Amino acid sequence: MERMSRPDATPPGQIGTDWRRPTLSTRRIFVGAVLGALAALTTVVMFDGGSPASLLIASGNSAGTPAAQPLRAPVHSCLTWRNQDASDAVLVTCAQPHLFEVTGTVDLKDLGTQATFPDSASWQQLVTSRCTERTTQPLADHFDQFGRFTVGAIKPSQDSWEHGDRTLRCGVQVSGRTGALFATTGAAGQQDQSDVHVAGTCLGNDGKAVGDPVGCSGPHAVEVVGVVDMKNAFPAGYPDEAAQDEVLDAECNRLAGTFAGGPDVVGQKGLTVFWETLRPESWQAGSTRVDCRLGAFLPDRSGFAPVTGTVKGQVRIGKDPAPPAANKPGPAGVTVAPVTDAVVPGPPAPTH
């Protein structure tokens, strides 16, 4: 299996794509706008073998005696695996935790039967040009390009390509900045795709930006204190940024105070409450929830400072930028986060 990660940290044999805007409109309560979250990633995974009608999932022992078996993966089917090389990949119901949901297939026979196996840049272009439509159409435009899902694809291996396989399977998954795939539960088209997290989740530093979930006892950029469902305040439709800021100012401050143990605790520990407003495209796709977050900023305000410790205890704020997050793919180019660490959005916040 081959893993695509972000363009600025692409190891040999991998390719990366940015399907989203480079920044998000980020608001914070006390000082104004701050850096937005950087774009999430597009992933391409590869199973060895395959045909236009099926995927060949290699199953076998660690001694290297796999027995390939065809496994059909129709549109809206879901796949999951635990091994870094996906040798144990299986079809599961989308109601179960899974790593990939198929949204469509693309026949690449127009490239010609004698076409050489595409290099990384060519695969990048093929996925970019051919998988977006195959994702938005089956989801009936219920795909939030700014939400927690990213577009990906399962492509043939070089060996199966040379034996005539030209099928590219498009789909969606939750992928992190460091190359990890995270499990999700539920069909993408039937859920709120807001990029939110359970209160108490911490997101690591990726240089001056925000990275993947980490433990709050170590350095991190963000600590989530709660989730606000904006449709409770705006049942009539999408609110502009000013209206969102007014509601989020009150709600995020309230949630931060409750989470931290008092209305003044956040400020006393040198932290700031902030959030990201929703875009019209997200609202139209059904994403109406927003994280309320705590963080600190570097002295020159160029990005997020590394914060060690939760706001509920002792907090130490670094003055220097953290190093870029390491991209650590598995032996076949894939890092799969343990299911117990899956990123699962919290339930919508209650109406207040």
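**Figure 1. Surroundings of Leu-294 in the predicted model.** In this predicted model, Leu-294 contacts Ala-221, Val-222, Glu-223, Val-225, Ala-256, Val-266, Leu-271, Thr-272, Val-273, Phe-274 and Val-311, when neighbours within four places in sequence are left aside. Leu-294 is also one of the residues that touch the most other members of the largest nonpolar core, a group that comprises Met-230, Leu-248, Val-266, Leu-271, Leu-294 and Val-311.

Figure 2. The largest nonpolar core contains 25 residues. Two or more residues each come from strand S15 (222–229), helix H3 (241–260), helix H4 (265–268), strand S16 (272–276) and strand S17 (289–295). Helix H3 makes the greatest contribution to this core, with six residues. In soluble globular proteins, nonpolar side chains tend to be buried together.

**Figure 3. The chain as a whole.** Five helices and 20 strands are assigned in the chain. Of its 352 residues, 53% count as buried. Among contacts with a separation of 6 or more, 67% are between residues 24 or more positions apart.

**Figure 4. Arg-166, a buried arginine without a salt bridge.** Arg-166 lies in the loop between helix H2 (158–162) and strand S10 (167–175). The residue is buried but has no salt bridge. Asp-165 provides the nearest side chain of opposite charge, at 6.7 Å, and therefore falls outside the 4 Å limit for a salt bridge. The side chain of Arg-166 instead reaches the backbone oxygen of Trp-161, at 2.6 Å. Apart from residues up to four places away in sequence, Arg-166 touches Val-106, Asp-107, Leu-108, Lys-109, Gly-112, Thr-113, Ala-115 and Trp-161.

**Figure 5. The salt bridge between Asp-229 and Lys-231.** Six salt bridges are found in the whole structure, and one of them joins the side chains of Asp-229 and Lys-231. The N to O distance in this pair is 2.7 Å. Asp-229 counts as buried because its relative accessibility is 4%. Lys-231, in contrast, is partly exposed, with a relative accessible area of 40%. Side chains of opposite charge can pair when their charged atoms come close.

Figure 6. Glu-276 and Arg-293 form a salt bridge in which the closest N and O atoms are 3.8 Å apart. This pair links distant parts of the chain, since Glu-276 belongs to strand S16 and Arg-293 to strand S17, 17 residues apart. Both of these residues are buried. Arg-293 also meets Asp-291 in a salt bridge, with an N to O distance of 3.4 Å. Asp-291 is likewise buried. Through shared partners, the salt bridges join Glu-276, Asp-291 and Arg-293 into one network.

**Figure 7. Lys-269 in the loop between H4 and S16.** Lys-269 is located in the loop that connects helix H4 and strand S16. Lys-269 counts as partly exposed because its relative accessibility is 26%. Lys-269 and Gln-314 are separated by 45 residues in sequence, while their C-alpha atoms are 8.3 Å apart in space. Beyond residues up to four places away in sequence, Lys-269 touches Val-311, Lys-312, Gly-313, Val-315 and Ile-317. Val-311 is also among the residues that touch the most other members of the largest nonpolar core.

Note on methods: Residues numbered from 1 in each chain as written. Predicted model: local features only at pLDDT ≥ 70, side-chain atom pairs only at ≥ 80, totals over all residues. Heavy atoms only, no water. Core = buried A, V, L, I, M, F, W, Y, C linked by side-chain atoms within 4.5 Å. Buried < 20%, exposed > 50% of the residue type's maximum accessible area, 1.4 Å probe, protein only. Helix = DSSP H or I, 4+ residues; strand = E, 2+ residues; numbered from the N terminus. Contact = heavy atoms within 4.5 Å. Lys, Arg positive; Asp, Glu negative; His and termini not counted. Polar contact = N/O pair within 3.5 Å; in protein donor to acceptor, adjacent residues only side chain to side chain.
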